[in-house]
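Let's take a friendly walk through this model, looking at backbone angles and at charged side chains. Please keep the sequence and the structure at hand as we go.

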Amino acid sequence: MATVNPTKHLTNLDEWRRLGEANIFPPESRVELINGEILDMAPIGFNHSGHINRLNMLLTKLAPVQVIASIQNPLQLGDLSEPEPDFMLLKPNADFYSSRHPVADDVLLLIEVADSSLAYDQNQKLRLYALHNVPEYWLLNLNDVCLEVYRKPNGEVYAEKTTLYSGDNITLSQLPNISIQVSDIL
């Protein structure tokens with residue numbers, strides 16, 4: 001008799017959304033669909049949420065009025081992934097993305113805030129965002145008190161990585177009129 005090894009059941013966005021509509025996951029659960037796998041995400045701590053609030057306040061003030069700020073909302077990446085990045089600046093959309101989730105082409109800036117999830121965000125999330133051509137990915141690294149800036153997606157990596165600290169400034173690649181002091185978000 002042939003040996004059969006168990007395999008993972010990978011899901012796609014259609015099945016993922018039906019699971020959500022059927023209330024399979026408790027309302028307080030933090031789950032994301034990444035490459036067909038349903039992943040439990042770490043709870044959000046005080047420091048993490050405070051930094052998201054700081055990013056929201058600063059970048060919403062600086063962004064042109066038509067740019068849409070999105071906080072911990074889904075981003076559709078292909079048919080197998082729907083992460084919920086901590087913060088995104090999105091291209092204008094007449095219905096504010098109420099008829100569909102944004103896709104990578106809609107993203108001007110994507111930011112993940114990381115402490116306990118740092119290794120995951122530096123590896124799996126980075127590859128996912130690069131593969132789908134998210135143009136600018138910031139990783140606010142709370143452990144090392146720095147901002148990792150990834151630009152120029154090339155396959156599963158970014159061709160450009162810059163690490164910035166408190167005394168540095170950054171200008172957004174997709175919104176070059178916005179420049180901020182890194183200390184304002186650290």
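Where is asparagine 133 found? In this predicted model, asparagine 133 sits in the loop between helix 3 (118-131) and strand 6 (136-141). Its phi is near 65°, a positive value in a residue other than glycine. Most residues other than glycine have a negative phi. Asparagine 133 has a relative accessible area of 45%, so it counts as partly exposed.

Now move along to lysine 152, where phi is positive again, at about 60°, although this residue is not a glycine either. Lysine 152 belongs to strand 7 (residues 146-154). With 54% relative accessibility, lysine 152 is exposed.

Next come the charged pairs: the structure holds 6 salt bridges. One of them joins lysine 125 to glutamate 32, with the closest N and O atoms 3.1 Å apart. Glutamate 112 lies in strand 5 (residues 107-114), 13 residues from lysine 125. Together, Glu32, Glu112 and Lys125 are linked in a network of salt bridges.

Finally, look at arginine 151 and glutamate 136, whose side chains meet in a salt bridge of 2.7 Å, N to O. This pair connects strand 7 with strand 6, 15 residues apart, and both arginine 151 and glutamate 136 are buried.

Conventions
Residues are numbered from 1 along each chain as its sequence is written. This is a predicted model: local features need pLDDT of at least 70, side-chain atom pairs count only at pLDDT 80 or more; totals for chains, interfaces and linings use all residues. Side-chain values use heavy atoms; hydrogens and water are left out. Helices (H or I, at least four residues) and strands (E, at least two) are DSSP runs, numbered from the N terminus. Buried means under 20% relative accessible area, exposed over 50%, partly exposed in between (1.4 Å probe, protein chains only). A salt bridge is a side-chain nitrogen of Lys or Arg within 4 Å of a carboxyl oxygen of Asp or Glu.
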